[in-house]
Amino acid sequence: MLIGEVARRSGVSARMLRHYESLGLLRPSGRTGSGYREYSGEDIRRIFHIESLRSLGLSLREIGRALDDPGFTPSALVDDLIRQTRERIAAETDLLTRLRRIDAAEPAGWEDVLQVVAVLQALGSKSPAARQRAALAAGDEVPVEALVEAVLRETEPNVAGALRWALARSGADGTALLAKGLDSPVAAVRERAVRSLAELAGDEPTAHLRDALTHPDVVVRGHAALALGTRGVADAIPVLIDMIVDGRNDTDAADALSVLASDTATADRIAGGLVSRLGTGTAEAPARVRLTQSLADIPGDTAARALIELSQDADRAVAVTATYLLRLRDAH
């Protein structure tokens, strides 16, 4: 079969067939009397083998090795192809994400495009200082998706704080994206998500924080409760009391309870909850002292009566603390 017929049947151009021959990949079995290349059935099969391996992303040099080296084992090469393909997909995905974010910024001209690109690059910089400057300078041109992604991956506390500020200031709604972060398998990401939600105002962030009160991650529950306490959401009371018992941000939890105790009914509910944990017998001595201290800023008769009883407690540390708090209350 002559080269023109081979090209027509195989779909490989005559020029490419000659290129394969020049590289030693393909050697026509014979020549006609006029000197034209003549390809056998075996040659045609080799052409299809070459094209099949090219479709996997192999270079022509790698194809030559695969077809001609008797000791060649494909496993290592296939593993390498898998790695290269994954890297290429990751790069293309990153590019697609960047393009979508630029499109979301609705640039009016190339200057706007370049500005968005510059901010996105700065947010992804290896330098914490550069990331912080980008966060502080971020304006409406930065898509909310980029800010959320940046805040969820940020490990430097100062930069994370700047990013949370930028996200809250942007006015864009990143609530749903942050809520997804609460389901991350990475504990640090979950914490960054709940802390970011805590700095967003509005009903939707508050609703997600309410849901987070039952989250399996104790850190997420704690941050949600502290945020809700400052917002006057009484649902946070049980978690705040748990935090005092466990000694996790117990001072902040006690402060949040004092904010919630703005009316008599809620104050009595808080005092009752603290007293019930004191009397269960399950709280250890340091926890009982913390619970007693937490009654300090809870107004109302329930808290006062509890302190009077606790001033006679068998645990001297509890009794001394309660007595001191009673004196402070009398002084006021």
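# A guided tour of the predicted model

Arg46 has a relative accessibility of 18% and therefore counts as buried, the limit for that class being under 20%.

**First stop: Arg46 and Asp68.** Select Asp68 together with Arg46: their side chains meet in a salt bridge, 2.9 Å from N to O. Arg46 belongs to helix α3 (residues 41-55) and Asp68 to helix α4 (residues 60-68), and the pair links distant parts of the chain, 22 residues apart. Asp68 is partly exposed, with a relative accessible area of 40%. Side chains of opposite charge can pair when their charged atoms come close.

**Second stop: Arg131 and Glu154.** Now select Arg131 and Glu154, whose side chains form a salt bridge of 2.7 Å, N to O. Arg131 is in helix α7 (residues 128-137), while Glu154 is in the loop between α8 (144-153) and α9 (157-170), 23 residues apart. Arg131 is buried, at 11% relative accessible area, and Glu154 is buried, at 5%.

In the salt bridge of Arg164 with Glu199, the closest N and O atoms are 2.9 Å apart. Arg164 lies in helix α9 and Glu199 in the loop between α11 (187-198) and α12 (203-212), so the pair ties together parts 35 residues apart in sequence. Arg164 is buried, with a relative accessible area of 11%, whereas Glu199 is partly exposed, at 39%.

Select residues 218-230 (α13) and 237-246 (α14), which pack at an angle of about 120° with their axes 9 Å apart. The two helices are therefore oblique to each other, and their crossing is left-handed. To display the contact, select Arg221, Gly222, Ala225 and Leu226 of α13, then Val239, Leu240 and Met243 of α14. These residues divide into five nonpolar, one polar and one charged.

Asn249 is in the loop between α14 and α15 (250-260). Its phi is near 50°, a positive value in a residue other than glycine. Asn249 is partly exposed, at 43% relative accessibility.

Ile3 lies in helix α1 (residues 3-10) and is buried, at 15% relative accessibility. Beyond four places in sequence, Ile3 touches Ala14, Leu17, Arg18, Arg37 and Tyr39. Glu21, in helix α2 (residues 14-23), is partly exposed at 22%. With neighbours within four places in sequence left aside, the contacts of Glu21 include Arg37 and Tyr39.

Methods: Residues numbered from 1 in each chain as written. Predicted model: local features only at pLDDT ≥ 70, side-chain atom pairs only at ≥ 80, totals over all residues. Heavy atoms only, no water. Axes fitted to C-alpha atoms, helices over the stretch in contact; angles between N-to-C directions. Helix = DSSP H or I, 4+ residues; strand = E, 2+ residues; numbered from the N terminus. Parallel < 35°, antiparallel > 145°, perpendicular 65-115°, else oblique. Left-handed = near helix turned anticlockwise from the far one by under 90°. Contact = heavy atoms within 4.5 Å. Nonpolar A, V, L, I, M, F, W, Y, C, P; charged D, E, K, R; others polar. Buried < 20%, exposed > 50% of the residue type's maximum accessible area, 1.4 Å probe, protein only. Salt bridge = Lys/Arg side-chain N within 4 Å of Asp/Glu carboxyl O.
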